[in-house]
2 protein chains.
Amino acid sequence: MKKKKSKAQEKSAAGKKTRPASKVALRDTVAKGKPRPAQLRHVAWKSIDVEPLNPLLGLHFVVGQNIMLARVLLKKGCIVPEHSHPNEQVTFIAEGALKFWIDGKEIVVNSGEVLTIPPNMPHKAEALEDTVDFDVFNPPRADWMNKTNSYLR
Amino acid sequence: MKKKKSKAQEKSAAGKKTRPASKVALRDTVAKGKPRPAQLRHVAWKSIDVEPLNPLLGLHFVVGQNIMLARVLLKKGCIVPEHSHPNEQVTFIAEGALKFWIDGKEIVVNSGEVLTIPPNMPHKAEALEDTVDFDVFNPPRADWMNKTNSYLR
């Protein structure tokens with residue numbers, strides 16, 4: 001089954017930045033839509049480096065075969081600019097609150113609440129407080145794995 | 001794309017219990033592998049009834065298109081008997097600890113830790129403490145939606 005390249009992937013391919021071999025291999029595997037092997041893995045969030053995308057935003061994630069579970073740390077005032085992706089998203093706020101602009105509405109998702117975001121639905125968000133957010137994606141976000149998520153950087 | 005029926009679905013079909021019309025419709029939709037519509041939904045966990053499967057185990061869940069996010073509440077000593085399912089699973093422990101017997105190993109997953117479980121890998125679990133567990137499934141668990149998860153009851 002062929003996957004359509006995301007804009008992020010196309011941009012990455014055009015950018016031709018030099019990357020470590022391991023990153024290239026990962027990018028190529030993801031870009032070609034090869035299935036990732038399903039693996040039993042036991043990991044602690046504290047063992048996975050938090051990637052600081054900007055001074056107010058950090059993230060780390062665990063990737064399975066078709067599921068990505070990301071832990072996103074947003075400081076109060078952090079803005080995630082409007083973007084969309086072909087990946088289905090389910091967001092669960094564990095601490096804090098995120099205000100979303102989505103589908104013509106403003107929705108505040110507080111701690112203990114969930115937002116299901118269909119594929120390709122543009123959304124923007126702002127952290128109203130320091131926030132710990134878990135985002136589930138299907139399929140995994142290739143642009144996050146490939147570090148081509150320039151809208152966040 | 002045809003989906004293979006899970007054992008739970010086959011058992012459900014053979015059981016022929018009388019169900020409310022709404023449940024039959026849901027079961028039929030899931031069993032036939034029809035895609036669920038992708039919807040923007042904002043829900044609080046506290047607004048979704050916790051289904052008490054047994055005195056030590058309760059669960060509730062949010063279902064998207066291809067993602068199920070379940071919040072599973074286990075009292076200390078709760079045993080989840082060995083079972084397997086074709087759905088990929090990613091488990092995140094928010095509070096407490098679960099001991100898994102899986103792939104010939106014993107793995108204790110503590111608060112702040114994640115376990116990725118490949119499709120069709122048998123596993124058993126025991127709550128070592130009162131535990132709040134988030135389970136992500138792809139695709140959503142038809143047996144949970146259809147309430148045919150008899151191994152938990």
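Predicted model: local features only at pLDDT ≥ 70, side-chain atom pairs only at ≥ 80, totals over all residues.
Visitor: Let's start simple. What makes up chain A?

Guide: Chain A holds three helices and eleven strands. Going along the sequence, the pattern is α-α-β-β-β-β-β-β-β-β-β-β-β-α. Buried residues account for 35% of its 153 residues. And if you take the contacts between residues at least 6 apart in sequence, 66% of them link residues at least 24 apart.

Visitor: Why is E82(A) called exposed?

Guide: Count its neighbours. E82(A) has 12 other C-beta atoms within 10 Å, and a residue is exposed if that count is 12 or fewer, so E82(A) counts as exposed.

Visitor: Where is E82(A) found, and which residues does it touch?

Guide: You'll find E82(A) in strand β5 of chain A. Leaving out residues up to four places away in sequence, it touches P122(A), H123(A) and K124(A). Take K124(A): it is 42 residues from E82(A) along the chain, yet their C-alpha atoms are separated by 4.0 Å.

Visitor: How do you know that β5(A) and β10(A) pair?

Guide: Look at the bridges. Two strands pair if there are at least two bridges between them, and β5(A) and β10(A), residues 123-127, have three bridges, in the antiparallel sense. By that cut-off, therefore, they pair. V80(A), for example, stands opposite A125(A) in β10(A).

Visitor: Which sheet do they belong to, and what makes β5 an edge strand?

Guide: The sheet is an open one with four strands, in the order β5-β10-β7-β8 of chain A, and the pairing is antiparallel. β5 (79-83) pairs on one side only, and that is what makes it an edge strand; β8 (105-110) is the other edge. Ignoring direction, neighbouring strands of this sheet are turned by 15 degrees against each other on average.

Visitor: Over to chain B. Why is strand β9 of chain B described as mostly covered?

Guide: Five of the five residues in β9(B), which runs over 113-117, are buried. To be buried, a residue needs 20 or more other C-beta atoms within 10 Å of its own.

Visitor: What covers each face of that idea: which residues sit on which side?

Guide: On one side are E113(B), L115(B) and I117(B), and on the other are V114(B) and T116(B). All of these are buried, so both faces of β9(B) are covered.

Visitor: Which strands pair with β9(B)?

Guide: One is strand β1 of chain A, residues 41-44, which pairs with β9(B) in the antiparallel sense over four bridges. There, V43(A) has V114(B) as its bridge partner. Another is strand β6 of chain B, residues 88-95, antiparallel as well, over five bridges. In that pairing I93(B) stands opposite E113(B).

Visitor: How many residues are in contact between the two chains?

Guide: 33 residues of chain A are in contact with 33 residues of chain B. On the chain A side, the elements giving two or more residues are β1, β6 (88-95), β8, β9 (113-117) and β11 (131-138). β9(A) gives the largest share, five residues. By type, the chain A side divides into 20 nonpolar, eight polar and five charged residues.

Visitor: How do you know that the two copies are related as by a two-fold rotation axis?

Guide: Chain A is superposed on chain B by a rotation of 180 degrees, with 0.0 Å of shift along the axis and an RMSD of 0.0 Å. The two copies are therefore related as by a two-fold rotation axis. The same surface serves both copies, too: 100% of the contact residues of chain A recur in chain B.

Visitor: What makes N120(B) and K147(B) worth a look?

Guide: Neither is a glycine, but N120(B) has a positive phi of about 65 degrees and K147(B) has one of about 60 degrees. N120(B) lies in the loop between β9 and β10 of chain B, while K147(B) is in the segment after α3.

Visitor: Why is N120(B) called exposed but K147(B) partly exposed?

Guide: N120(B) has 11 C-beta neighbours inside 10 Å, so it falls within the limit of 12 or fewer and counts as exposed. K147(B) has 18, which lies between that limit and the 20 needed for buried, so it counts as partly exposed.

Methods
Residues numbered from 1 in each chain as written. Chains lettered and ligands numbered in written order. Axes fitted to C-alpha atoms, helices over the stretch in contact; angles between N-to-C directions. Least-squares fit on C-alpha atoms with pLDDT ≥ 70 in both. Contact = placed C-beta atoms within 7 Å. Nonpolar A, V, L, I, M, F, W, Y, C, P; charged D, E, K, R; others polar.
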